[in-house]
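Subject: Structure handover and notes on helix packing

Dear colleague,

I am passing on the structure below, and my notes on what was found in it follow directly after. Please read them with the coordinates open beside you.

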Amino acid sequence: MAELITRRLAALAHSGLQALDEPTVRAVVRQAVRHVRTAPPPPPVDPPTDPVVAAGRQLTDDLSASAHAIGELMLEVAPAYLSDTEAAAGALALLCEQIGAPLEHGLAARRYALSGDRRALHGTVL
């Protein structure tokens, strides 16, 4: 992680950026964390020949990508060091209420953004 962040900051410095302010460094760190956490899903062993099955898999991939983006938003409000109980008791419940999402879905998306494991979404989003 440190190597990835260092390379990205060095690239920014060499690009002629005058100063690396706090928001820029924060954005670089956030991108690096997303890069490390978001492993691409493994390709299917045998790609489906049925177009309906292929479309269903693509829909699931798209839904998972959306849930991951929502999970990252949830992590902005309730950082990873908070337990689900602490996150639910804090601003996460308010955010879910404001966006019209059940709290259970917000917590599941948050766990998915943390782990990258789609099983975190079972029973809620997927």
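In this predicted model, helix α5, which covers residues 91-99, packs against helix α6, residues 103-115, at an angle of about 115 degrees, and the two axes lie 9 Å apart. Angles from 65 to 115 degrees count as roughly perpendicular, and α5 and α6 are therefore described as roughly perpendicular to each other. Their crossing is right-handed. On the α5 side the contact is made by L92, A93 and C96, while α6 contributes L103, G106, L107 and R110. Sorted by class, the residues of this contact of α5 with α6 comprise 5 nonpolar, 1 polar and 1 charged.

Helix α6 also packs against α3, a helix that spans residues 51-77, and here the angle is about 95 degrees with the axes 7 Å apart. That angle again makes α3 roughly perpendicular to α6. From α3 the contact draws on S64, A67, H68, I70, G71, E72, M74 and L75, and from α6 on G106, A109, R110, Y112, A113 and L114. In terms of class, the contact of α3 with α6 holds 8 nonpolar, 4 polar and 2 charged residues. If you compare the two lists for α6, you will find G106 and R110 in the contact with α5 and also in the contact with α3.

Which residues form the largest nonpolar core? This core has 8 residues, namely M74, A78, A87, A88, L92, L95, C96 and L107. The elements that give two or more residues to the core are α4, residues 84-89, and α5, and of these α5 gives the most, with 3 residues. A88, another member of the core, touches A93, L103 and L107 when residues up to four places away in sequence are not counted.

Away from these contacts, one further residue may be of use to you. D21 is found in the loop between α1, residues 2-14, and α2, residues 22-37. With a relative accessible area of 39%, D21 is partly exposed.

With best regards

Note on methods. Residues numbered from 1 in each chain as written. Predicted model: local features only at pLDDT ≥ 70, side-chain atom pairs only at ≥ 80, totals over all residues. Heavy atoms only, no water. Axes fitted to C-alpha atoms, helices over the stretch in contact; angles between N-to-C directions. Helix = DSSP H or I, 4+ residues; strand = E, 2+ residues; numbered from the N terminus. Parallel < 35°, antiparallel > 145°, perpendicular 65-115°, else oblique. Left-handed = near helix turned anticlockwise from the far one by under 90°. Contact = heavy atoms within 4.5 Å. Nonpolar A, V, L, I, M, F, W, Y, C, P; charged D, E, K, R; others polar. Core = buried A, V, L, I, M, F, W, Y, C linked by side-chain atoms within 4.5 Å. Buried < 20%, exposed > 50% of the residue type's maximum accessible area, 1.4 Å probe, protein only.
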